[in-house]
Amino acid sequence: MHSQAHEKPAHLLIETVARRSYGKLLAFVATRTHDLAAAEDALSDAFTAALIDWPRTGCPANPEGWLLTVARRKSIDYHRRRDANAESLDERIEQALSAAVPESDIPDRRLALMFACAHPAIDESICAPLLLQIILGLDAATIASAFLVSPAAMSKRLVRAKEKIRTCRIRFSLPEREELPERLYAVLDAIYAAFAEGWADPAGTDPARRPLTGEAIFLARVVTELMPQEPEPLGLLALMLYAEARRSARRASTGEYVPLPQQNTALWDLTMIAEAEVVLQHASGLGRIGRYQLEAAIQSAHVDRIRNRRPNWDQIIQLYDALFELTQSPVVALNRALAISELHGPEAGLREMPDVSSDARLAGYQAFWAARADLLARVGYHGKARHAYDLAIGLERDASVRLFLQQRQAALHS
C-alpha cells in the first residue's frame with residue numbers, strides 16, 4: 001500500500017523533474033544509443049517506475065540519477081529484445097550507457113539534441129513540434145491540438161522525423177562552426193514558432209496552447225545558458241519576454257481585443273519587461289546584430305513610446321530599415337509602412353506597403369489586409385477599405401479580433 005505521507009511530495013517532485021530534466025535525461029540516453037524513439041521509451045518507463053516506487057519508498061536523494069539508472073537499464077533491455085542476435089551491438093550500447101558518468105553531474109546534451117532536430121534533412125515544419133516533444137516531453141496529442149493538426153497526423157510526422165534522424169545517422173552533436181549560424185536559426189525559428197502558437201491564444205482559454213508561450217521561453221533560456229556567447233538566442237528571449245509581458249492587456253475584461261496603443265499599461269508585467277531590457281542589452285554588448293535582436297529592439301521602442309507617451313517613430317522606422325535590409329521580409333516591409341504612416345501620414349504608408357501582386361504570400365496574410373484596410377479608411381477610400389476588411393475578417397481565426405475588424409468595417413461611411 002502506498003504511503004500517503006510520501007505520495008503528494010513524490011508526485012510533485014516527479015512533475016518538477018519532468019519539467020526541468022526530461023530533455024536532459026533523454027539527450028543523455030539518445031546520444032549514447034543513437035536511437036531517439038528507443039530512448040524515449042526507456043525514459044517513459046523510468047518515469048512510470050518512479051510513479052510507482054517513489055510514493056511507496058520515498059523520494060530518492062538524487063532523482064535525476066535514479067531516473068537515469070532505470071532508463072539506462074530499460075534502454076539496454078529494449079535493444080536486446082529488438083535483436084537478440086546483435087550481441088556486439090548490445091555490448092557497444094551497454095558500454096556507452098554504462099560509461100563512467102557521475103549521476104550527480106549528468107552532462108547536458110540538450111543543445112546537441114536541438115541541433116539534431118534542426119538538421120537540413122528534417123522537414124522544418126516538424127522542428128518545433130519535435131523540440132516540444134523531445135526536450136519538454138509534451139505528448140503528441142497536446143502538440144497536435146496546439147498546431148491545429150489531428151493527433152494521428154502529428155504522431156505520424158513525429159515518428160517519421162525520429163526515424164529520419166536514426167536512418168540518416170544524424171549526429172547528436174553541435175554542428176561544425178560554418179554550419180552553426182544556419183542551424184542555430186533553425187532552432188530559434190522553431191522555438192519562436194512554438195511561442196507563436198501559444199500567442200495565438202491570448203486569453204489562455206485553450207488548454208493545449210496555454211503552456212506553449214512559457215515552454216518556448218523555457219527553451220530559449222536553455223539555449224542562452226548553453227550558448228552564452230551567442231547574441232541571437234538572447235535576442236529571441238528578449239523578444240518573447242516583451243510580448244508575454246503584455247498578455248494580460250491584450251483583452252478587455254469582457255473579452256474584446258485591445259490593440260497595442262490602447263492597452264492599459266498597468267496590466268503589463270513590468271518585471272518581465274525589465275528582464276527583457278537587461279537581456280537585450282547583454283545581446284547588444286556581444287557586438288553581432290541579428291534579426292531577433294532587431295525585432296526585440298523594435299518591441300523595446302514600442303514599450304518606451306507607450307509607457308512614456310513619447311513619439312519615437314523615426315527610431316522605429318530606422319530599426320525596420322535595418323531589419324528589412326537583413327531579411328527582405330514582406331512582413332517587415334508591411335510593419336515599416338505602418339510606422340511610416342504614423343510619422344508621415346496614411347498616404348505615405350500606402351505608398352510604402354508591399355505589393356500583393358509581387359509576393360503571393362501576402363494574399364493569405366491577415367495582417368496585410370487589416371493594415372491595408374486601416375490605411376485606406378484613413379485616406380477616405382472606404383469602398384476599397386471595406387473590401388480589404390472582408391478579406392482580413394475571412395482570414396482571422398480569433399473571434400475577438402474578427403469582432404474588432406467587423407466593428408471597424410461597420411464604422412466606415414458608405
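**Cores**

I looked up the nonpolar cores first, and the largest has 102 residues, with Leu-113, Met-114, Leu-132, Ile-191 and Val-223 having the most contacts inside it. I took a nonpolar core as a set of buried Ala, Val, Leu, Ile, Met, Phe, Trp, Tyr and Cys residues joined through side-chain atoms within 4.5 Å, where buried means under 20% relative accessible area, exposed over 50%, and partly exposed in between (1.4 Å probe, protein chains only).

I note that this is a predicted model, in which local features need pLDDT of at least 70 and side-chain atom pairs count only at pLDDT 80 or more, while totals for chains, interfaces and linings use all residues. Residues are numbered from 1 along each chain as its sequence is written, and side-chain values use heavy atoms, with hydrogens and water left out.

I then listed the neighbours of Val-223: leaving aside residues up to four places away in sequence, Val-223 touches Leu-111, Met-114, Leu-184, Val-187, Leu-188, Ile-191 and Pro-233, contact meaning heavy atoms within 4.5 Å. A second, separate core of 22 residues includes Phe-368, Leu-375, Tyr-389 and Val-401.

**Helices H9 and H13**

I next examined helix H9 (residues 180-199) and helix H13 (residues 291-308), which pack at an angle of about 35° with their axes 11 Å apart. The axes are lines fitted to C-alpha atoms, for helices over the stretch in contact, with angles running from 0 to 180 degrees between N-to-C directions; the helices are DSSP runs (H or I, at least four residues), numbered from the N terminus. Tyr-185, Leu-188, Asp-189 and Tyr-192 of H9 meet Arg-291, Tyr-292 and Glu-295 of H13.

**Salt bridges**

I counted 16 salt bridges, each being a side-chain nitrogen of Lys or Arg within 4 Å of a carboxyl oxygen of Asp or Glu. Arg-291 is buried at 19% relative accessible area, and Glu-295 is buried at 18%.

I also checked Arg-166 and Glu-163, whose closest N and O atoms are 2.7 Å apart in their salt bridge; they are three residues apart in helix H8 (residues 151-167), and therefore separated by about one helical turn. Arg-166 is partly exposed at 34% relative accessibility, as is Glu-163 at 35%.

Conventions. Helices (H or I, at least four residues) and strands (E, at least two) are DSSP runs, numbered from the N terminus.
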